[in-house]
Amino acid sequence: MKNIYSNIFSFNKKILSKTISFLKKGNVVGLPTETVYGLAGNAYSKKAIVKIYSLKKRPKINPLIIHYLNSERAKNDVIINDNFLKLYKKFCPGPITFILKKRNKTKIHTSAAAKLDTVAIRFPSNRIVRSILRKTDFPLAMPSANLSSRVSPVQAADVAEDFKKKIKIIINGGRSKIGIESTVIDLTKKPKILRPGIIGPETIKKYISLNLSKNSRKIKSPGMLKRHYSPGIPIKMNQKKAKKNHAFIVYGKKYRKNSNCYNLSKKADLKEAASKLYKILRIIKKKKYKGIYVSKIPNHGAGIAINDRLNRASK
Ligand code: TXA
Ligand code: MG
């Protein structure tokens with residue numbers, strides 16, 4: 001792909017040191033991760049946190065995920081527990097975010113955690129973010145690098161499209177491998193998945209016991225409010241075919257390839273489908289369809305996360 005944006009850079013030593021000095025001054029940058037691209041800033045800096053919320057137009061009540069190189073570095077900011085250690089050992093670095101109790105003496109800026117007494121922490125596996133984390137003495141607050149309530153970015157150009165020149169550095173790390181945001185799990189009481197991701201409940205249950213109840217009355221993850229991930233046009237789920245002038249998102253091999261038909265995975269692989277979801281939503285949005293129809297997608301494994309995002313977008 002030709003780089004038409006002057007604020008997108010390939011990763012090398014020069015851009016690494018420029019990025020680090022940028023972050024030290026409280027500026028924010030666009031970074032690749034294995035899940036989706038993030039808008040990163042120093043989690044201890046008020047200036048950086050204010051910038052992240054205002055750039056994204058994000059409601060102040062929606063807390064950010066704090067990204068660390070490893071658990072050792074997170075210990076000053078959160079209180080870790082046995083469930084955390086079990087999952088950390090198995091899945092980190094990787095696409096899972098843990099909600100833990102915040103330490104009183106933490107340096108995380110209070111508005112990064114939306115003034116809650118808990119913090120979301122994650123250990124990304126992407127080598128570019130890790131090389132930045134290795135060379136800084138602060139963690140990175142990093143929401144997905146999209147305007148609030150829009151589709152998450154899965155390539156550097158998506159970030160540039162949403163923010164234009166308002167971000168001075170976006171590092172190009174190619175297409176996000178996983179393509180859907182991390183699983184968020186609350187470990188402050190009986191573990192509960194707040195946001196489904198590629199690591200599903202079936203897998204997590206092998207290591208710790210989970211609270212699988214559906215409805216907790218209080219919204220625990222403010223970012224899980226309805227009408228999220230919106231491509232800006234109506235979405236109808238569980239459809240057998242699509243109306244004229246509508247896009248049809250399908251899954252599996254039984255669908256004919258019409259020009260309005262977008263297959264998440266011909267070979268019916270849920271991980272492949274998750275990795276293509278946001279890319280396809282962005283393509284569809286540019287084509288001026290009146291709406292989107294979606295075929296049935298199996299609701300297990302990564303399918304839970306796909307259905308969750310599409311359901312939310314359809315509200
Ligand atoms: O894969 C990911 O997690 C990406 C990459 C960039 O790391 N980040 C990401 O961040 O998706 P964001 O800000 O778009 O989503 C963070 C989610 C939101 O739903 C937010 O409400 C929830 O995590 N969250 C953050 N702190 C929380 C807390 N203390 N309690 C409950 N939910 C929290
Ligand atoms: Mg997001």
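Contact here means heavy atoms within 4.5 Å. This is a predicted model, in which local features need pLDDT of at least 70 and side-chain atom pairs count only at pLDDT 80 or more, while totals for chains, interfaces and linings use all residues. Residues are numbered from 1 along each chain as its sequence is written, chains are lettered from A and ligands numbered from 1 in the order in which they are written, and side-chain values use heavy atoms, with hydrogens and water left out.

**First stop: ligand 1**

Now look at the oxygen atoms of the ligand. The polar contacts to find are pairs of N or O atoms within 3.5 Å; within protein, one atom must be able to donate a hydrogen and the other to accept it, and residues adjacent in sequence count only if both atoms are side-chain atoms. A polar side-chain atom of Arg58 lies 2.8 Å from a ligand oxygen, and the side chain of Asn62 places an N or O atom 2.8 Å from a ligand oxygen. For Arg195, the corresponding distance is 2.9 Å. The protein buries 98% of the 680 Å² that ligand 1 exposes when taken alone (Shrake-Rupley method, 1.4 Å probe).

Switch to cartoon view. Strands are DSSP runs of E with at least two residues, and helices are runs of H or I with at least four, numbered from the N terminus.

**Second stop: Thr35**

Centre on Thr35, in the loop between β2 (29-31) and β3 (38-42). Is Thr35 buried or exposed? It counts as buried because its relative accessibility is 3%, where buried means under 20%, exposed over 50% and partly exposed in between (1.4 Å probe, protein chains only). Its side chain makes a polar contact of 2.8 Å with that of Thr33. Beyond neighbours within four places in sequence, its contacts include Pro95, Arg122 and Ser182.

**Last stop: helix α9**

Select residues 302-314, helix α9. Ten of its 13 residues are buried, among them Ile306, Asp308 and Leu310. What do these buried residues pack against? Show β11, β12 (235-236), α8 (270-286) and β15 (291-294) to see the partners.

Conventions:
The expected span of a helix is 1.5 Å times one less than its number of residues.
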